[in-house]
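Please look over the notes below with the model open.

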Amino acid sequence: MSGEIEEVGEDIKSTTMSSKDAETGEVYVVVGKNDLHVLQWALDHAISPGFRICLVHIFPTIKYIPTPVGNLSRSRLSKEQVQVYINEESNRRKNLLEKYIRLCNDAKVPVDTMLVESNSPAKALLDLIHVVKITSLVIGTRLSRSTRRVRKGQYKGEYVQENAPEFCEVKVVGEVQQPKESFSRRQPEIPRHSDRNFLECICFSRKFY
C-alpha cells in the first residue's frame, strides 16, 4: 500500500467504455454513506482488465463544531479544539471509505480515493471533471442528508449528467433499477482549456492496491 496527497487548488452508457477511457483506464465513482450498489455496478459493468477505480467522496466545509453547550462557530474555539474535531471527522471518512476499498480489493481492482471539500456537491463534481479531465463518471441518484435538489424535480446525479461536458460520460445508477442510460462508444475529444481555478476545495488522493 502506498499513498500520496495531492492538492488540486482553491477556487477552483451499454456497459462498454469509450476508447478514451480504454486509454486512461480510470473510472471515477462518487460515493457517500450508502453507495455500495453504485460501486458494485461500476465493478460489474465499467471495469476491464487493467482499469482503476477512483472513489470520489464529497464532504461539507466545517463551519460549526458540536460541543456540550451546542454547535459553536469554529471561530469561537481554539485552534487545538478545531483540529481535534477535524481529525475526528477525517477518521470517520476513512472508516466510511474502508467498505468501498474492501469491495475493490475483493474484486482485485486497484483503487484511489479523492476527498473533496465543498458545500455544493454538484458544482464541485462538474468543476472536478474539468480539472482532472474525467472521461467516465459513475454516480448514484440517492441524495445525502445534507444535499438538496439542485433544481426542482432534479437530483444531483441527473444534474451532473445533464451539465457534464461532452468529453465526460456520466452514468446514473439507481438503488434497485438498472442505470438510466449506457456508456456510449463515442470517442470524446477533450477541449484544451487554459489553466483555471475551479474548485473551492482541496482534494486528497490515496492509492490502494
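1. A crossing is called left-handed if the near helix is turned anticlockwise from the far one by less than a right angle, and right-handed if clockwise. Helices are DSSP runs (H or I, at least four residues), numbered from the N terminus. By that convention α4 crosses α5 in the right-handed sense.

2. The model is predicted: local features need pLDDT of at least 70, side-chain atom pairs count only at pLDDT 80 or more, and totals for chains, interfaces and linings use all residues. Residues are numbered from 1 along each chain as its sequence is written, and side-chain values use heavy atoms, with hydrogens and water left out.

3. Helix α4 (residues 121-132) packs on helix α5 (residues 156-163) at about 35°, the axes being 9 Å apart. Axes are lines fitted to C-alpha atoms, for helices over the stretch in contact, and angles run from 0 to 180 degrees between N-to-C directions. Pro-121, Ala-122, Leu-125, Leu-126 and Ile-129 of α4 meet Lys-156, Tyr-159, Val-160 and Asn-163 of α5 (contact means heavy atoms within 4.5 Å).

4. Helix α2 (residues 36-45) and helix α3 (residues 79-106) pack at about 20°, with axes 11 Å apart. The two are therefore roughly parallel (angles under 35 degrees), and their crossing is right-handed. Leu-36, Leu-39, Gln-40 and Leu-43 of α2 touch Lys-99, Tyr-100, Leu-103 and Cys-104 of α3.

5. Arg-93 sits over the face of Phe-59, 3.8 Å from the ring centre (the rule asks for CZ of Arg within 6 Å of the ring centre and within 35 degrees of the ring normal).

Definitions and conventions. Angles under 35 degrees count as roughly parallel, over 145 as roughly antiparallel, 65 to 115 as roughly perpendicular and the rest as oblique.
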